[in-house]
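Please consider the following model with attention to its strand pairing, its charged contacts and its aromatic contacts.

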Amino acid sequence: MRSGNRRSPRSEHDRGTATDHRAALRRPARARRTARRAAALAGACGLLALTGCGSTTLDDIKVGPGKGWPVAYHDARNSGASPVTGSRHLVARWARPLGGPAATPTIIGPGGQMFVTTRLATDCVGTPGATGAIVSLQMPTGRKRFCNAMGPDVAAAGAAVDGLDNVYVGDNGGLFSFNALGQPRWRTPVAGVPVSVQFTSDGNVLSVTQSGQIDVVERQTGNLAAATFQTLGEPDFLRQPGLPRPPDGEGVGDCPTGGPQCPVANVSALEQNSGRFYLTVRRPGTTTGALVALRYADKQIRQEWSVDILTDGSATSPTLSGDGETVYVGDNSGRLLAVDAADGHTKWTQPLGFAPQGAVSAQDGLLIPGGDEGHLLALRDNGDSAEIAWERKDLPLRGRPVQTAGNTGYAVAPLGDSLSLVTFDTSDGNTLASMALPGAQGTTVGTAVSANGDVVVTTRIGELFAFKPDE
């Protein structure tokens with residue numbers, strides 16, 4: 001008899017009678033192994049419905065809007081708005097440097113775990129040598145949970161976090177997934193750097209690189225869920241048999257401004273019920289960018305329409321209206337456009353006086369564009385025209401304003417010698433409060449709101465400032 005294989009008769013695992021136990025020992029070894037495997041599989045199905053055991057429609061890792069700030073602009077629509085009732089009385093929680101610059105917003109999981117990408121002068125353990133990295137931080141203290149070295153252009157890559165704090169992030173030539181502890185789950189090769197990462201309605205990950213490659217991959221395995229689609233078209237190797245593959249990071253430096261070297265500069269907006277999604281595309285050699293509508297359905301990606309309407313390109317991610325019928329997008333000539341989501345015709349055009357950047361915060365019909373050169377203002381969509389709801393020319397913008405429930409919004413503006421987080425009333429634009437970001441200079445790349453109403457500001461030079469509601 002092998003030692004250590006029997007449990008105590010009083011073990012909570014021994015539910016049967018002594019007769020049952022003796023009968024089980026008399027079973028053939030193969031039968032006992034089969035029974036153990038069946039029991040283990042049943043337990044795994046009970047604990048991890050996400051693996052495909054049982055119903056294929058059950059998934060206990062939630063995606064979509066969820067809680068927190070799971071993607072760059074909160075949700076698949078790029079609404080830049082949270083359903084959480086924002087606090088009008090914030091207090092400073094903590095501030096800390098990342099160790100390198102940031103180019104994309106911090107995202108926040110449902111429990112407050114944060115993820116942000118950067119580029120470091122040393123690796124995550126201090127060894128000299130520049131590297132890209134993804135850093136995870138804890139909300140209560142700002143303490144680092146993990147730091148993983150990645151490709152050099154990860155700071156420009158998109159990211160998304162699901163309901164169990166699994167994070168999905170791109171870098172040079174790949175789309176990665178890590179769990180909440182920073183352990184790698186899978187890596188899927190792509191061409192370019194995924195600047196847009198979103199969740200589809202069937203729980204997969206939609207990745208779009210700056211070079212225009214679109215992939216849909218399974219969240220659990222990283223396997224392709226649809227054939228790869230090339231926004232700029234497939235290369236013709238018969239006409240150019242020696243055509244080399246461009247470097248993965250080519251043109252990434254032009255993405256923040258929607259420049260000519262970055263074909264796809266922005267985060268896609270996705271209407272989850274229909275599977276239709278929208279991209280800005282600047283094809284090589286053109287001065288005008290296009291708004292493109294595609295659809296992911298039946299494990300395929302198809303283009304539905306494309307309209308060349310973005311003068312000098314665009315640094316604004318498309319934003320979908322709440323009903324999914326209108327796409328809002330800005331261009332580098334200083335305009336905000338409303339486009340019919342069904343066929344691409346322009347509903348109205350509104351001059352802003354500055355080139356919008358990031359995404360347009362849209363909630364309850366109120367549109368607040370972001371940027372680094374403009375000022376705080378809000379528009380109302382009247383269907384075939386827009387009107388200025390209110391305007392604050394005295395409040396210059398340094399980043400992307402966001403809205404929350406309760407008519408509360410947050411924007412970063414230069415006040416005095418440094419930047420400040422301004423809390424404003426979205427109904428009239430009036431300032432409710434302001435909190436200094438000590439020592440912060442330049443501009444910000446994003447403001448995010450947690451499930452508990454914490455507000456996190458990320459500056460371009462790589463500082464994080466966290467605020468909490470004053471209870």
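The model is predicted.

Strand β20 (residues 319-320) pairs with β21 in the antiparallel sense, over two bridges. In this pairing Thr319 stands opposite Tyr328 of β21. The two strands form a hairpin with five residues between them, and in the turn Gly324 has a positive phi of about 75°.

The charged contacts come next. Side chains of opposite charge can pair when their charged atoms come close. The structure holds eight salt bridges. One of them joins Arg88 to Asp425, with the closest N and O atoms 3.3 Å apart. Arg88 lies in the loop between β1 (81-85) and β2 (90-97), whereas Asp425 belongs to strand β31 (residues 418-425), so the pair ties together parts that are 337 residues apart in sequence. Arg88 counts as partly exposed because its relative accessibility is 28%, while Asp425, at 12%, counts as buried.

Another salt bridge is formed by the side chains of Asp331 and Arg335, at 2.7 Å from N to O. Asp331 has 0% relative accessibility and therefore counts as buried, whereas Arg335, at 22%, counts as partly exposed.

A further salt bridge involves Arg400 and Asp372, whose closest N and O atoms are 3.6 Å apart. Arg400 lies in the loop between β28 (386-396) and β29 (402-405), and Asp372 in the loop between β26 (366-368) and β27 (375-381), so this contact ties together parts 28 residues apart in sequence. Arg400 is buried, with a relative accessible area of 11%, and Asp372 likewise counts as buried, at 15% relative accessibility. Elsewhere, salt bridges that share partners join Arg276, Arg295 and Glu304 into one network.

The structure holds seven aromatic pairs. Among them is the pair of Phe115 and Phe146, which is tilted, with 6.2 Å centre to centre and 55° between the planes. Phe115 is in strand β4 (residues 114-122) and Phe146 in strand β6 (residues 144-150); the pair thus links distant parts of the chain, 31 residues apart. Phe115 is buried, with a relative accessible area of 2%, and Phe146 is buried as well, with 6%.

Tyr328 and Trp348 lie 6.1 Å apart, centre to centre, with 40° between the planes. This pair also links distant parts of the chain, as Tyr328 is in strand β21 and Trp348 in strand β23 (residues 346-351), 20 residues apart. Both Tyr328 and Trp348 are buried. Finally, ring pairs link Tyr168, Trp186 and Phe199 into a cluster.

Technical notes: Residues are numbered from 1 along each chain as its sequence is written. This is a predicted model: local features need pLDDT of at least 70, side-chain atom pairs count only at pLDDT 80 or more; totals for chains, interfaces and linings use all residues. Side-chain values use heavy atoms; hydrogens and water are left out. Two strands pair if DSSP finds at least two bridges between them. Helices (H or I, at least four residues) and strands (E, at least two) are DSSP runs, numbered from the N terminus. A salt bridge is a side-chain nitrogen of Lys or Arg within 4 Å of a carboxyl oxygen of Asp or Glu. Buried means under 20% relative accessible area, exposed over 50%, partly exposed in between (1.4 Å probe, protein chains only). Rings of Phe, Tyr and Trp (its six-membered ring) pair if their centres lie within 6.5 Å; planes under 30 degrees apart count as stacked, over 60 as edge-to-face and the rest as tilted.
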